Amino acid sequence: MATIEDLENAIDALLNHPLGVGQYQLVQRVGDKAYEAYVFGLCLRAVRELGVTPVLRGITGTPTPFIFRGAPGQIHSRTRNYGYAEFTLKGHEFEIHAGVEFRGTSGMTHELDVCIMRAADARACRNPQTLDDPQAASLVGGWECKFYAGSLQKGLGRAFVGLIDDMGSNVRLNGLCSNSSHPQLSDYFQPQRRPFPHFRLTPLEPSNEDIFVNQFKGELKKMTAA
Amino acid sequence: MPDHQYDAEQALETLMRRLRAKDDSLATHIQSAIDVGKDVTETEPSQDGRKKARVYRKAVPFTRGEALKVALDALQAYFVEQPLFVDSVATNLAKAAVGVPAEHQRIRGGGISEEPETVFVEQAGEEKLVEIELQSEVQLDKSGEATMPLKRKEKSQIEEQQRLITDLRDLVDFTEE
């Protein structure tokens, strides 16, 4: 028979653990960024599973340490040695970025939490003579990444649908990634051309990680097959 | 599954009280997750001889038992999932290589060109230093740390915390009482 004292002891053991309240305070400092970094890492895994070793780069030099942006930024920003990854698949060069802003077809800029884009376009945007935000046409795939300790907010889905709509028709992969879920948002994303709901995308659900990685691999294979 | 000397309401009150005593901000976050409530489908029998019953959506609060599950899911997200995200990104970055710009290109143009630059590739398979920016480039106040290292937690600690969550879930499971 479990007593209220058993319950109190179990709660205290959880909260006083080294990964208890102290861990929560750490999470508060990095917000969604650790989750974005996690999704960025899944993209690297997908590249590796395509038989290619991704190469980590830094905007100003060797990426030691590898720095993830804390807020949306421009691809050519040299404020810090922001990290990105590059890889070549069957002669096609790509880059993977986190927290970079793109110029939509309307001219409005949008941040993509994690994205894959054509490397030549990325290099052109970093060229000191032609510094610019990447155009929508250079985007291959983009993901919104939301860490939630609760139910996802519906507004996030609506906003991301609008963002993807403004990125034109070249985008081959897109999705809303979250460790959480929302039943109505899953329905909202059902129509074709809507973002894929990568809900419960977390190391606790390896099958959902596999879906993300396999989508990435499948689309890159198709794109580079010709 | 244990029998209990307390009900779901007492369990939720105990959990929230202990949370508030430890960290008020965490307690507020958990309470917010609970207060989102849920959607249910209500069915109203036809009143005027129509054959079809009226079905409509209604937003209602969670039951106490559901609220306990929401609270524990949220704690799991902070205490277990976040360390696992860091572990996953550290693993995937470790398996990547690091591109070191060739010296002559760095001198000539800062390594920026529309043509792919020559890089030396090294360190594939080695653990990498990973940091998250705390002070964004457009932030006016630059006080405090500029970046924060993302460090792996010990796997045994994560597993232990996962086990403590599972134990607590058992203690607040009233499904067969």
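**Sheets, interface and a helix pair**

Start with an open sheet of 3 strands, ordered β2(A)-β5(B)-β6(B), with mixed pairing. Its edge strands are β2 (66–68) of chain A and β6 (147–149) of chain B, and each pairs on one side only. From one strand to the next, the twist averages 30°.

A word on the ground rules. This is a predicted model: local features need pLDDT of at least 70, side-chain atom pairs count only at pLDDT 80 or more, and totals for chains, interfaces and linings use all residues. Residues are numbered from 1 along each chain as its sequence is written, while chains are lettered from A and ligands numbered from 1 in the order in which they are written.

Terms next. Helices (H or I, at least four residues) and strands (E, at least two) are DSSP runs, numbered from the N terminus. Two strands pair if DSSP finds at least two bridges between them.

Back to the sheet. Strand β5 (residues 130–133) of chain B pairs with β6(B) over 3 bridges, in the antiparallel sense. E133(B) has T147(B) in β6(B) as its bridge partner.

Stay on β6 of chain B, where M148(B) lies. Leaving out residues up to four places away in sequence, M148(B) touches R29(A), V30(A), E131(B), I132(B) and L134(B). Contact here means C-beta atoms, placed from the backbone, within 7 Å.

Now the whole interface. 69 residues of chain A are in contact with 73 residues of chain B. On the chain A side, α1 (4–16), α2 (21–30), α3 (33–49), β1 (55–58), β2 and α4 (119–126) each supply at least two residues. Which element gives the most to that side? α3(A) does, with 11 residues. By class, the chain A side has 38 nonpolar, 18 polar and 13 charged residues. Nonpolar covers Ala, Val, Leu, Ile, Met, Phe, Trp, Tyr, Cys and Pro; charged covers Asp, Glu, Lys and Arg; the others, Gly among them, are polar.

Strand pairing also joins the chains at β1(A). That strand and β3 (residues 97–101) of chain B pair in the parallel sense over 2 bridges. V55(A) stands opposite A97(B) in β3(B).

On the other pairing, β3(B) runs antiparallel to strand β4 (residues 119–122) of chain B, with 4 bridges. There, G99(B) has V121(B) in β4(B) as its bridge partner. 5 of the 5 residues of β3(B) are buried, so this strand is largely enclosed by the rest of the structure. Both faces are covered: A97(B), G99(B) and P101(B) are buried on one side, V98(B) and V100(B) on the other.

Last, a helix pair. Helix α2 (residues 24–35) of chain B packs on helix α3 (residues 64–94) of chain B at an angle of about 135°, with the axes 9 Å apart. Axes are lines fitted to C-alpha atoms, for helices over the stretch in contact, and angles run from 0 to 180 degrees between N-to-C directions. α2(B) and α3(B) are therefore oblique to each other. Under 35 degrees counts as roughly parallel, over 145 as roughly antiparallel, 65 to 115 as roughly perpendicular, and the rest as oblique.

Conventions: Contact = placed C-beta atoms within 7 Å. Buried ≥ 20, exposed ≤ 12 C-beta atoms within 10 Å, placed from the backbone.
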